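Take a first walk through this protein.

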Amino acid sequence: MAAKASLHLKASPHSISKLPKPYSPAAASAVALPIRRLRGATLSATRISASLIDPDGGRLVELFVPESEKGSKLKAANELPRIKLTGIDLQWVHVLSEGWASPLKGFMREAEFLQTLHFNAIRLENGSVVNMSVPIVLAIDDAEKSRVGSSASVALVDERDDVVAVLSNIEIYKHNKEERIARTWGTTAPGLPYVDETITHAGNWLVGGDLEVINPVKYEDGLDRFRLSPAELRDEFERRNADAVFAFQLRNPVHNGHALLMTDTRRRLLEMGYKNPVLLLHPLGGYTKADDVPLSWRMKQHEKVLEDGVLDPETTVVSIFPSPMHYAGPTEVQWHAKARINAGANFYIVGRDPAGMGHPLEKRDLYDADHGKKVLSMAPGLERLNILPFKVAAYDKTQNKMAFFDPTRAQDFVFISGTKMRTLAKNKESPPDGFMCPGGWKVLVDYYDSLSLSDNGRVPEPIPA
């Protein structure tokens, strides 16, 4: 079992497990079985279909320069004004280039930016609406704006000054930071991680345009083979004969409560009449705040979860979602859901306080814990996505395992918060049996053990997993 589940399998570079045995074409065809849409108050009849959900706008918009044109495009790019990308800018280039934000064709121009801020959606030329809740923009300062001058195109370069992409037919407009922050986060309180990292000290201008990526973004961290594009994920789901794909977004280690939710979701989909629902376990791989567990350690922990059989490797695809994390609650969770539509998911599991965080100044949550799932059920452009509300799981002392909370015997349950989990791991203490698989818990303990204080009292970068 461990060999099948390993993240390092070479036989199938697009997944962490071997492909299941194909079932008959008849079983994969559309099944005329009416079900109800799992969307809170909005319940409508639908039909089970083996085909994957269409991307927003009808097709994936990939923004790569064809191999045959790379030489001439690079030569032309070397003559253009240059804009240096930050690490997070590069992550957004990655997101755009693979079509996660389809039908966007590049960094937002002003009209797209304003629609995103004010409507959480973009209206297409045909009048249809697609969800877009977080601005995907590129900031430049006065000096860069001056260097661009009247040029219609700019070259985007990485920290080594190597050309990554070209932005054409550009539009430069004012970067109203306060409006952007207030409308994205619902507050301008100091201490918002993404704001401090990318907006506060960014330039006062935004530049949008059509993106052409010459050199696809790679991170050379040993994890690139798990950064599957929407097109690659769709290919994988097709190979597995998936007739439903349910996505689980996470930025934390997986405990058995998460696993219970995912396995129960598959059970429910089978009961509806689906023949082969596949789980997309999709950890966020872009920027996260300093106290989150780094990606390399999370991936190692996820590996152990599958090795130990907590999740079934036959029906699970683990891949890395390249987006940076905003911690913008109900606004950001729409982006997380929309991007998974483009990857082929037609069901999305939403939990308590998705994409949320504590208030940066006060001892309370920044967002209402239930607003994320309520917003998803009403969000413009997400009508095609089936929302699966998170069932509350807790540790059942009578069964010594994680179970769905039963309020009629509340005294039998213990809620182990993320803070409590981190404290136990830091102190090398074991959680109750059945909370997390032993291999996964050891990874978490090893991570916190790597965070020894340096001589000046500052916490250094963790040792890579």
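Predicted model: local features only at pLDDT ≥ 70, side-chain atom pairs only at ≥ 80, totals over all residues.

Residues are numbered from 1 along each chain as its sequence is written, and side-chain values use heavy atoms, with hydrogens and water left out.

Start with the fold. The protein has 15 helices and 17 strands. Both are DSSP runs numbered from the N terminus: helices are H or I with at least four residues, strands are E with at least two. The protein has 465 residues, and 54% of them count as buried. Buried means under 20% relative accessible area, exposed means over 50%, and partly exposed lies in between, with a 1.4 Å probe and protein chains only. Contact means heavy atoms within 4.5 Å. Among contacts in the protein with a separation of 6 or more, 74% are between residues 24 or more positions apart.

Now go to the core. In soluble globular proteins, nonpolar side chains tend to be buried together. A nonpolar core here is a set of buried Ala, Val, Leu, Ile, Met, Phe, Trp, Tyr and Cys residues joined through side-chain atoms within 4.5 Å. The largest nonpolar core has 78 residues. Which residues have the most contacts inside it? They are Ile136 and Trp335. Ile136 touches Trp92, Leu96, Ala101, Leu104, Phe107, Met108 and Trp335, not counting residues up to four places away in sequence.

Next come the rings. A pair of aromatic rings is described by the distance of the centres and the angle of the planes. Rings of Phe, Tyr and Trp (its six-membered ring) pair if their centres lie within 6.5 Å; planes under 30 degrees apart are stacked, over 60 edge-to-face, and the rest tilted. By this rule there are 11 aromatic pairs. One of them joins Trp92 and Trp335: this pair is tilted, with 6.0 Å centre to centre and 55 degrees between the planes. The two tryptophans come from distant parts of the chain, 243 residues apart. Trp92 sits in helix α4 (residues 87-98), and Trp335 in helix α12 (residues 329-342). Trp92 is buried, at a relative accessible area of 2%. Trp335 is buried too, at 0%. A second pair brings together Tyr194 and Tyr287. Their ring centres are 6.1 Å apart and their planes are at 65 degrees, so the pair is edge-to-face. Tyr194 lies in helix α8 (residues 193-198), and Tyr287 lies in the loop between β11 (277-283) and α11 (295-307), 93 residues apart. Both tyrosines are buried. Ring pairs also link Trp92, Trp100, Phe321 and Trp335 into a cluster.

On a 1 Å grid over the protein atoms alone, a cavity is a set of points where a 1.4 Å probe fits but cannot get out, and a pocket is an open set with protein on both sides within 12 Å along at least five of seven lines; lining residues have an atom within 4 Å of a point. Grid points are joined across faces, edges and corners, and a volume is the space filled by probe spheres set on the points. The second largest pocket has a volume of about 430 Å³. It is lined by 20 residues, and the closest to its centre are Pro103, Lys105, Glu112, Leu124 and Glu125. The largest share of the lining, three residues, comes from α5. The structure holds one cavity of 30 Å³ or more. The largest cavity has about 50 Å³ of space. Its lining is Asn252, Pro253, Asp291, Asp292, Val293, Met421, Arg422 and Tyr448.

His258 is in helix α10 (residues 256-272). At 14% relative accessibility, His258 counts as buried. Leaving aside neighbours within four places in sequence, His258 contacts Phe248, Pro253 and Phe390. His255 is found in the loop between β10 (244-250) and α10. With the neighbours within four places left aside, His255 contacts Met402, Phe435 and Met436.
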